[in-house]
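Please look over the sequence and the model first.

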Amino acid sequence: LACFVVLLFFGLLMLTSASAPMGYDKFNDKYFFIKRQILVGVLPGLVAFFVLAKIKYNFLKRYSLSIFIFSLFLAFLVFVPGIGTDLNAGAKSWIKIFDQSFQPAEFLKIAMIIFLAGYLSSLGKELFDFKKGFLLALSLGLIPVFLVLLQPDVGTASVLFVILFGMLFVAGANIWHMLGLALSGIAGFALMIFIAPYRAARFMTFLHPELDQLGIGYHVNQAFLAIGSGGVFGLGFGHSLRKYEYLPEVNADSIFAVIAEEMGFIFAAAFIVLLLFICYRAFKISKNAPDNFTRLLVSGIIIWFIAQSFMNIAAMVGLMPLTGLPLPFISHGGTALFVAMASVGIIINISKHTEI
């Protein structure tokens, strides 16, 4: 819990610095994004955290299917004219109701985890049977993946696929079935790259970031400049130069580059160590959880956090193509922070019944 509190406050601190120029430029208020993050993310997130930390976790298992179906319904609404909206050019990932916008895919992540934890724990050894167990579980888990791909949001779909793969592995699926799924995932990823010209261009930029530095390669090269100029000790908190309208999505996808620029290599490395320590502690809770449902539930949540965190960081340092994924607990996004804090409440609830 202490680690998550440190992560939350560090995120608010870095968002205050990173988003100040954009907030002043767009809204004439350099604290616009941090105020919105607290109002829409932190405050409702605290309520969700305390509720889910207190209620009996069996409630989640009992209503796992209903939660999953409701989240799929919300995700479907992005395609409904007048409700679905495009806040990020190219992807129809948001819905707007009563002048309030939120991203259903964030709810879909935790709903999918709750559902799969309940379903896979009920399967038991039947998961080893390809047709009756593995294939059916896989088909149900792929529904949200394909729904998000239709938006299209390849980054979020990739996170959902990693969650599905990780939870099937933790549940004890046949290793040959898992190998086939991994190869199919790689083939599907390659197919998505080559059927869409803009994805192919992103992939080529990943392989050769020095090409077209003012065009498709602009984002990643600006991230390299920010991270490189930070050096070992950084330029100092609030002293980033790249956040002044050089680095795209500075308050969201690119915030790790600002962390490295202002705080330096040592602090950026310490941040990664903190993420790894949270991962270690969460898997200890999972290993000693009171039952199979809670074991899978904690595993799914931490697989989500760690996978998305490292996909974001890897994109910033050039280890994988840009995906547009935010950094959990750090990037601006009220819906994402609300769901993340609710998920931590679930882990804390389960940890109270666990001998670590």
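## Salt bridges

Lysine 109 and glutamate 106 form a salt bridge, with their closest N and O atoms 3.3 Å apart. The term means a side-chain nitrogen of Lys or Arg within 4 Å of a carboxyl oxygen of Asp or Glu. Lysine 109 and glutamate 106 are separated by about one helical turn, because they sit 3 residues apart in helix H5 (residues 104–123). Helices are DSSP runs (H or I, at least four residues), numbered from the N terminus. Lysine 109 is buried, at 0% relative accessible area. Glutamate 106 is buried too, at 4%. Here buried means under 20% relative accessible area, exposed over 50%, and partly exposed in between (1.4 Å probe, protein chains only).

The count comes to 3 salt bridges. Glutamate 262 and lysine 243 make one of them, at 3.2 Å from N to O. This pair links distant parts of the chain, 19 residues apart: glutamate 262 is in helix H11, and lysine 243 is in the loop between helix H10 (218–230) and H11. Glutamate 262 is buried at 1% relative accessibility, and lysine 243 is buried at 4%. Aspartate 29 pairs with lysine 35, the closest N and O atoms being 2.7 Å apart. Lysine 35 is partly exposed, with a relative accessible area of 48%.

## Basis of the model

The model is predicted: local features need pLDDT of at least 70, side-chain atom pairs count only at pLDDT 80 or more, and totals for chains, interfaces and linings use all residues. Residues are numbered from 1 along each chain as its sequence is written, and side-chain values use heavy atoms, with hydrogens and water left out.

## Cavities

The structure holds 2 cavities of 30 Å³ or more. On a 1 Å grid over the protein atoms alone, a cavity is a set of points where a 1.4 Å probe fits but cannot get out; a pocket is an open set with protein on both sides within 12 Å along at least five of seven lines; lining residues have an atom within 4 Å of a point. Grid points are joined across faces, edges and corners, and a volume is the space filled by probe spheres set on the points.

The largest cavity has a volume of about 100 Å³. It is lined by 14 residues, with Leu327, Pro328, Phe329, Ala336 and Leu337 closest to its centre. Helix H13 (334–351) gives the most to this lining, 3 residues. The second largest cavity holds about 50 Å³. Its lining includes Phe4, Leu7, Pro328 and Phe329. H12 gives the most there, with 3 residues.

## A pocket and a surface patch

The second largest pocket has a volume of about 610 Å³. Of its 26 lining residues, Phe161, Ser184, Gly185, Ile186 and Phe189 lie nearest the centre. H8 supplies the largest share, 10 residues.

Helix H8 (residues 175–195) also gives the largest share of a nonpolar surface patch, 5 residues. The patch is formed by Phe169, Ile175, Trp176, Leu179, Leu183 and Ile186, with about 710 Å² of accessible area together. Patches are made of residues with over 30% relative accessible area and no salt bridge; like charges are joined within 9 Å, nonpolar side chains (Val, Leu, Ile, Met, Phe, Trp, Tyr) within 5 Å. Accessible areas come from the Shrake-Rupley method with a 1.4 Å probe; for residues, only the protein chains shown count as cover. Tryptophan 176 counts as exposed, at 64% relative accessibility.

Methods. Helix = DSSP H or I, 4+ residues; strand = E, 2+ residues; numbered from the N terminus.
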